[in-house]
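Hi,

Here is the structure for you to look over. My notes follow below it.

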Amino acid sequence: MSRANNHRASVMFSTGLRSVSSLHGNSSDRTMPPAIPTPIHRHAAPSGPWPWVDFDTDSDLMLNYGNTPTSSGTVGESWRGYPEALFGNWKPDQVKRSKMLSNSPELGKCSAHWLDVLTNGAFTVLDEEGQDQTSTVAPERINEFWALLQTPRPANIRVRALFVDNISSTVLQMLGTRYNIEPFFFTSSLNWIPSHYQEEVRSGKGDHITITLQFMRTMQNPVTRPSTPTAETPNSLRSIPLQQISTDESQVINTQAPLSLSCGNIVLHDLLAIHMVRSEDSSTIISYHPNSGCRRPPAKRLHSIVYRAGQSVYWQKIFAQSKDPTFLFLAILWYPLYAWDQAFDALYTHINWLESQVLLTDNINLTHKLHIIQAHLLNYQSLLRDFQKSVEFLHKTPNPAMYSDKYTPNERKISMNLMARECGNLLSEIARLESRRLMQISRLKNVMELAFAIVNIEDSKHMRELSEVTVRDSAAMKQISYLTMIFLPASFTAGVFGMNVNEVTGQQGQETLVHYVATALALTCATSWLMVACHSHSPFISENSTLVQRVMWPMFYIFKQFNGKWRQKSLKNFQDMV
């Protein structure tokens, strides 16, 4: 056995079978995952010349001018100077702001799961000795891991993928130094910044490509998770227990936070961070999984999923036909698509439940929940757009190593045709996801219109009841009016006989009935004149009449009537004469 193989055996440990809880996080944690930070897109790609510099807060843009570069360490520990030793513009201040090293624990166990794609297209997770390629990097064995990264690979390995879990700052510096990784890859992953870029392009030799992608996935709500799993299928409305319905009234519309669903699940953000070093001999893929409280699945889960993709007959044929290692990168991009599809399935079930609640309860407060879901769906549009851009970037960025003399023009043509076809298949699925998103937005609008229609119908019923009450009150008032008419003659007679006038009492020296009639008629005429003059709409006065016309309205009205009749009579006489 060679010295390299002996060295590898000292850091490789068989992982064996793992429990389900280890693949999905700590089952005892019953708190809601936190909201992810808002992406700062200006710090996402190496094309930006000022990494993690904010002009509005930095009073001195020459902050690190004159600082001596960080030492690259001893000969055996050259990785300790990363990133400044390889990328001089990454000063300690920028590294601190990006939290590239501070958010990664300096000490602690870090696991690196290895997967190799051989030259014949076969996938393997075992080394040459048949052992599971999982490296557990303890603080006291970091030098062994560094020596392992330097070990030459067997000649039959086309591409090697490393899925690093709970990455420490030491392992981060080792990987960055060994594979000359641009620090933006680690900072974008830690700060949830979507990005895709190509660097170090060498014609006929290779390049570096990076894709950092946000996507949505589902998991059980840790707050309402039952102590024992249910046997019901999650897509059935009958399987939704009432005690698991979330209370969205207390939830602020924060699209960066998890979305609670009525089926006992939540839809939360996840991140796929892949960096690939493409070369003509053997390529490398690094999947970055930083330690965070956002309940991201461990690297072992993605490692197992990618390994199962290699067991697919369809993909086996692709890897057998093409020697381009980029197809492994493309196969990994199917993982977020599956997660998106499951998230939309859960949202479909939740919207069905909300529709049933609107029909059964007529509760207008349900529109608040509908608005929350619609806000999240609108945010998903940008995430799906980033997904589409990432696949298009992979399609439009061919592998420069395929143009070396090791590959024939026919092999390059086959690889390009396969890449165009498979990227088209993935883009077609992303378009299908966008159609599902638009369909669910339409359903939400339909449900909200239904809720408002139900409220309008209820208001109409209420107004109808008020109208019926008003009609009954009018009927009662009519009855009172009829009674008043019956007693009106008697009241008038009593009033006349109660007047103190000569004609009634027969006594001299009192007012006469003539005086009473004259006074009453004068007051009635004055009141009528004042009411017509002050009224805005009247058949006696036009709307645009002046103050003089309003004061003298009886004369103007009589003149108008006389003038109109005289004209009609004159016209009739003229017609008779003709």
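Which helix holds both Glu-429 and Arg-432, and how many residues apart are they? Both lie in helix H12, residues 409-497. They are 3 residues apart, about one turn of the helix. (Helices, H or I, of at least four residues and strands, E, of at least two are DSSP runs, numbered from the N terminus.)

First, the ground rules. This is a predicted model, where local features need pLDDT of at least 70, side-chain atom pairs count only at pLDDT 80 or more, and totals for chains, interfaces and linings use all residues. Residues are numbered from 1 along each chain as its sequence is written, and side-chain values use heavy atoms, without hydrogens and water.

Salt bridges: the whole structure has 17. (The criterion is a side-chain nitrogen of Lys or Arg within 4 Å of a carboxyl oxygen of Asp or Glu.)

- Glu-429 and Arg-432 pair at 2.8 Å, N to O. Glu-429 is partly exposed because its relative accessibility is 24%. (Buried is under 20% relative accessible area, exposed over 50%, partly exposed in between; 1.4 Å probe, protein chains only.) Arg-432, at 29%, is also partly exposed. Shared partners join Asp-341, Asp-345, Glu-429, Arg-432 and Arg-436 into one salt-bridge network.
- Arg-421 bridges to Glu-422 at 2.9 Å, N to O. Arg-421 is partly exposed at 41%, whereas Glu-422 is buried at 2%.

Last, Asp-165. It sits in strand E4, residues 157-165. Leaving out residues up to four places away in sequence, Asp-165 touches Cys-110, Ser-111, His-113, His-289, Pro-298 and Ala-299. (Contact means heavy atoms within 4.5 Å.)

Best wishes
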